[in-house]
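Please work through the following exercises with the sequence and the model at hand. Each task is followed by a stepwise solution.

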Amino acid sequence: MRKILLILVICLACASCAKVENYSTPFDTGGKVYKLALLPWQTTTMDFDLKYRWRMIQSLRSACKQAGAFELKWSAYPVNGGAVEFLENINKSSLWERRKYGNQYPIVPEVQAVLSGLDADLALLYDVSADNALGIRDEMSDYRADYVRLFLVDVKTGKVVVEFDRTDFTNGGADYTIKQVALRAFNKWLTQ
């Protein structure tokens, strides 16, 4: 019985390792730097901007710095430091639609229209669910109940890369998750 259990554990470990994306940063793009525009995110929490805007943007900037091939040039949110241009008067509700299973998805033609006057290569749109965990971590059955879903939209072709991960905003785990989701999306976009 122990041998069967050991073989099963080894097989599961090998299978889970095979699914891990392998990439190294900074990404090799031959010196090309892609320009990013951060558009309004879709959230489940009314006070998300007040509570998490700074953390979201800093994590994204950290991902761009680590990637070495992406630069945040425009943002629908104020960004402290750097040469990031503030995008004003963007109608958030025109960028998102509810689709299958009630999930939010960006409307690609609207995203392209919003960025038509800019020289942006990619648009970043986040669908975020935050503050779902209640109580003390040790007593919670809903640890990592929050999620981050990133839609990376190629402005020129309209192709969309989607990355998703679960996290925990209330206990500070989201910073790492936001950065990793962005790096995985950048890698997927570069290798497709």
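**Exercise 1.** Determine in which loop P26 is found, and state which kind of peptide bond joins T25 and P26.

*Solution.* The model is predicted: local features need pLDDT of at least 70, side-chain atom pairs count only at pLDDT 80 or more, and totals for chains, interfaces and linings use all residues. Residues are numbered from 1 along each chain as its sequence is written, and side-chain values use heavy atoms, with hydrogens and water left out. Step 1: P26 belongs to the loop between α1 (2-18) and β1 (34-38); helices (H or I, at least four residues) and strands (E, at least two) are DSSP runs numbered from the N terminus. Step 2: the bond between T25 and P26 is cis, with omega about 0 degrees.

**Exercise 2.** Locate N89 and decide whether N89 is buried or exposed.

*Solution.* Step 1: N89 sits in the loop between β4 (85-86) and β5 (96-98). Step 2: although not a glycine, N89 has a positive phi of about 55 degrees. Step 3: N89 counts as exposed because its relative accessibility is 80%; exposed means over 50% relative accessible area (1.4 Å probe, protein chains only).

**Exercise 3.** Describe how α2 and α4 cross.

*Solution.* Step 1: the axes of α2 (residues 48-67) and α4 (residues 174-191) come within 8 Å and cross at roughly 45 degrees; axes are lines fitted to C-alpha atoms over the stretch in contact, and angles run from 0 to 180 degrees between N-to-C directions.

Conventions. Buried < 20%, exposed > 50% of the residue type's maximum accessible area, 1.4 Å probe, protein only.
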